[in-house]
Amino acid sequence: MDFACSNEQQSFYDMALQFGAERIAPFASDWEEAGTIPRDLLKAAGELGLGGIYACEEFGGSALGRLDATLIFEALSKACPSVAAFISIHNMCVSMIDKYASRDIKERLLPDLCRFEKVASYCLTEPGSGSDAAALRTRAVHRGTEGYVLNGSKAFISGGNFSDIYLVMCRTGEDGPKGISTIVVESSCSGLSFGAFEKKMGWKAQPTAEVRFDDCVVPAGNLVGVEGQGFRYAMAGLDGGRLNIAACALGGAQSALDRAVRYMQERRAFGSLLKDFQALQFRVADMETELQAARIFLYQAAWKLDQNAPDASKHCAMAKRFVTDAAFDVANQALQLLGGYGYLADYGIEKIVRDLRVHQILEGTNEIMRLIVARSMFAP
Ligand SMILES: Cc1cc2nc3c(=O)[nH]c(=O)nc-3n(C[C@H](O)[C@H](O)[C@H](O)COP(=O)(O)OP(=O)(O)OC[C@H]3O[C@@H](n4cnc5c(N)ncnc54)[C@H](O)[C@@H]3O)c2cc1C
């Protein structure tokens with residue numbers, strides 16, 4: 001068992017840290033206010049290979065592993081969890097196309113996606129089905145030469161009305177998971193429209209919108225893999241996605257803790273520096289310990305996914321639950337350590353708390369993570 005990063009992994013981490021510090025952190029508040037991430041930033045990330053982190057090299061991907069990606073997202077999110085998580089969702093879509101789509105789709109879409117010339121959104125949730133995703137109702141009907149005709153809508157889509165490619169899980173067959181397929185919908189398709197941008201507590205730099213399909217026609221060749229397997233592809237995508245969402249929470253929380261520790265060395269109360277109150281020393285010691293425990297657990301889950309371990313999905317779910325809960329708690333405590341200043345935008349922590357809250361909700365709520373873990377424990 002080796003707990004050290006390889007030199008290569010350390011260099012990915014350092015690269016992402018530097019990119020975040022130089023190209024993301026100084027502008028994160030402005031992007032929050034604007035409600036969008038500049039395309040140029042994404043293209044710059046693409047130049048570093050961050051548009052197709054684990055896609056194969058043949059179509060422009062970086063062909064890295066899940067543990068490598070976890071390190072990258074942890075580092076990026078120190079600059080801004082919202083931007084890092086947006087990059088992670090795009091990568092989840094790219095990995096699904098890379099793994100399951102036809103050669104034709106890959107040749108057509110992957111090079112631009114890997115360069116981040118094009119951006120992809122993951123469309124699973126619907127107004128009537130979130131946690132119970134297999135109950136989705138958006139329907140795609142195969143109409144001969146016309147291709148697939150889609151009707152329905154997707155809720156909460158990160159990148160809605162911003163992305164170029166929508167990876168849509170939709171019903172082509174029976175009720176339940178076996179009737180679901182994955183279809184690529186390009187932004188140019190007729191019958192595609194969007195709701196207004198959602199107003200949110202955090203992740204404000206990311207546009208989030210409902211995606212609507214009204215007799216939306218896509219070529220039959222846009223089917224990813226085979227009909228009826230879409231739910232399986234979507235869940236496989238989420239295994240890695242959950243690691244990244246956890247990694248983004250971890251990086252954000254570490255940044256909040258680092259800020260609090262710096263502050264405690266400068267702020268005085270009752271004639272002492274905050275850092276000299278033992279109650280506060282113990283608190284930051286516990287916060288540091290929680291994050292380190294979360295980090296090791298996350299890396300182990302990523303390693304299991306890289307190894308295709310039979311219990312990888314369970315470990316991804318456990319890590320997502322544990323890390324995002326620990327990270328939110330640490331960020332919230334860091335805010336408390338700054339007193340009233342923690343609540344002010346200038347000190348950088350309130351944004352992290354707002355951003356990290358949704359990590360406990362999306363890509364499967366933390367209740368659903370417990371469901372996955374419990375199911376595996378009681379499996380015959
Ligand atoms: C900012 C943001 C961005 C998002 N981006 C995307 C995206 O890009 N693509 C996408 O497809 N989706 C996206 N989502 C949707 C997200 O994945 C869902 O919100 C999430 O899966 C929960 O679904 P829901 O909101 O319908 O809650 P519900 O499923 O209605 O759940 C409500 C509550 O009940 C609990 N619950 C439900 N079932 C059970 C059960 N069996 N046992 C115990 N508790 C249960 C849940 O944990 C939750 O606390 C995004 C959401 C947000 C907020």
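A crossing of two helices is left-handed if the near helix is turned anticlockwise from the far one by less than a right angle, and right-handed if clockwise. The model is predicted, with local features needing pLDDT of at least 70 and side-chain atom pairs pLDDT 80 or more, while totals for chains, interfaces and linings use all residues. Residues are numbered from 1 along each chain, and side-chain values use heavy atoms, without hydrogens and water.

**Exercise 1.** Describe how α4 passes α7.

Solution. Step one: take α4 as residues 66-77 and α7 as residues 230-264 (DSSP runs of H or I, at least four residues, numbered from the N terminus). Step two: their axes come within 7 Å and cross at roughly 35° (lines fitted to C-alpha atoms over the stretch in contact; angles from 0 to 180 degrees between N-to-C directions). Step three: the crossing is right-handed.

**Exercise 2.** Find polar contacts of the ligand (N or O atoms within 3.5 Å).

Solution. Step one: a backbone N or O atom of Tyr-122 is 2.7 Å from a ligand nitrogen. Step two: a polar backbone atom of Phe-156 lies 2.8 Å from a nitrogen atom of the ligand. Step three: Thr-365 places a polar side-chain atom 2.6 Å from a ligand oxygen.

Definitions and conventions
Helices (H or I, at least four residues) and strands (E, at least two) are DSSP runs, numbered from the N terminus. A polar contact is a pair of N or O atoms within 3.5 Å; within protein, one must be able to donate a hydrogen and the other to accept it, and residues adjacent in sequence count only if both atoms are side-chain atoms.
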